[in-house]
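Please examine the structure shown below. The report that follows describes selected local features and the confidence attached to them.

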Amino acid sequence: MQDLVFIGPNDLALSVLGYVPAKGDEPEFVDAIEKIATAAGKHGKWVGRLSNSGASAKEHLKVFDTVAISYDIRAIQDWYKSELQVARS
């Protein structure tokens with residue numbers, strides 16, 4: 001069984017930056033992610049993160065061992081828009 005350190009970008013941003021969502025390029029945010037990934041690798045732990053899209057997940061998999069694709073609000077908005085289109089047709 002492999003241990004895993006999982007980064008929730010919004011949780012990290014709130015802790016490090018004091019706001020969410022992070023733009024993703026803030027030096028403090030990038031530095032924190034790099035430190036977490038380096039420490040996890042040094043101790044033989046997998047490191048993963050939440051990704052908001054397939055495209056971002058593809059980029060994140062270049063650095064992280066695993067990703068979870070999710071964006072709750074966007075998914076709900078997309079579903080709601082499609083249901084409204086059906087109702088209006």
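Helix α2 comprises 16 residues, 27-42. From the first C-alpha to the last, α2 reaches 22 Å, close to the 22 Å expected at 1.5 Å a residue.

Phe29, Ala32, Ile33, Ala37 and Ala40 are the buried residues of α2. Viewed down the axis of α2, these buried residues fall within an arc of 125°, so they line one face of the helix. In general, an α-helix has 3.6 residues a turn, so residues three or four places apart point the same way. The cover over the buried residues of α2 includes β1 (4-7), α1 (9-16) and β2 (46-51). On the face turned away from the buried side, α2 carries the exposed residues Pro27, Lys35, Thr38 and Lys42.

## Histidine 60

Histidine 60 lies in helix α3, which spans residues 54-60. Histidine 60 is buried because its relative accessible area is 16%, under the 20% cut-off.

When neighbours within four places in sequence are left aside, histidine 60 is in contact with Arg49, Leu50, Ser51 and Val67.

## Confidence of the prediction

The protein chain has an average pLDDT of 89, and 93% of the residues score at least 70. Where pLDDT is low, the predicted coordinates should not be read in detail.

Notes. Residues are numbered from 1 along each chain as its sequence is written. This is a predicted model: local features need pLDDT of at least 70, side-chain atom pairs count only at pLDDT 80 or more; totals for chains, interfaces and linings use all residues. Side-chain values use heavy atoms; hydrogens and water are left out. Helices (H or I, at least four residues) and strands (E, at least two) are DSSP runs, numbered from the N terminus. The expected span of a helix is 1.5 Å times one less than its number of residues. Buried means under 20% relative accessible area, exposed over 50%, partly exposed in between (1.4 Å probe, protein chains only). The arc is that of the directions from the helix axis to the C-beta atoms. Contact means heavy atoms within 4.5 Å. pLDDT is the predictor's confidence in each residue, from 0 to 100.
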